[in-house]
Amino acid sequence: LDQAEGYFRDGIALAQEANYQYFLAALKNHMGSFLMVKGAYSEALPYLLEALNLFQEIGHKGFLSTVIKHLAQWSWHHKRYGSNPARWLACAVNQMERSGEMGTTFEDAELAAFRTELQANLGEDVFARAWAAGQQMSIEEALDEIVSTLPPETGETSSSHLLRNVAADEG
């Protein structure tokens with residue numbers, strides 16, 4: 001795992017040096033996910049938020065959904081948000097399905113495992129209601145809710161800066 005983390009860090013440095021925003025955003029998103037796998041949740045959040053900002057700047061809604069999925073996992077780990085992570089995951093999955101960007105087989109398996117964990121812990125009725133509500137959410141609504149639940153030390157208080165291009169992209 002340490003070797004993989006080094007490769008992610010090297011890739012991030014190279015993408016920054018080359019000013020290649022798409023790869024920088026993708027690598028930061030994957031680094032955040034990787035850190036969560038390692039159990040380093042506090043280290044993961046800044047990478048996920050940076051990825052969210054970068055994907056927003058380049059207008060890539062498919063990957064915004066992937067970051068929302070990872071932020072739902074981060075939130076679930078902190079056990080402070082009730083059924084919100086299930087709603088956010090449903091929103092992300094709905095957007096990924098509509099855009100045709102469901103990801104790799106590994107990502108699909110990871111998503112299925114997370115969905116099963118949410119379902120088992122929330123109970124079938126709560127999960128079903130949360131999932132149905134999340135499928136109706138827009139990315140803007142999910143981002144607003146996620147940002148409103150972030151810990152104060154992140155400095156994030158509004159999603160308005162994260163949403164500069166989403167409305168324009170949908171128009």
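Which helix supplies the largest share of the lining of the largest pocket? That helix is α6, with four residues; helices here are DSSP runs of H or I with at least four residues, numbered from the N terminus. This is a predicted model, in which local features need pLDDT of at least 70 and side-chain atom pairs count only at pLDDT 80 or more, while totals for chains, interfaces and linings use all residues. Residues are numbered from 1 along each chain as its sequence is written, and side-chain values use heavy atoms, without hydrogens and water.

**Aromatic residues**
- Y20, Y22, F23, F55 and F63 form one aromatic cluster; rings of Phe, Tyr and Trp (its six-membered ring) pair if their centres lie within 6.5 Å, with planes under 30 degrees apart counted as stacked, over 60 as edge-to-face and the rest as tilted.
- By this rule there are seven aromatic pairs.
- Y22 and F23 are edge-to-face, because their ring centres are 5.5 Å apart and their planes at 65°.
- Y22 is partly exposed at 28% relative accessible area, whereas F55 is buried at 0% (buried is under 20%, exposed over 50%, partly exposed in between, with a 1.4 Å probe and protein chains only).

Note on methods. Helices (H or I, at least four residues) and strands (E, at least two) are DSSP runs, numbered from the N terminus.
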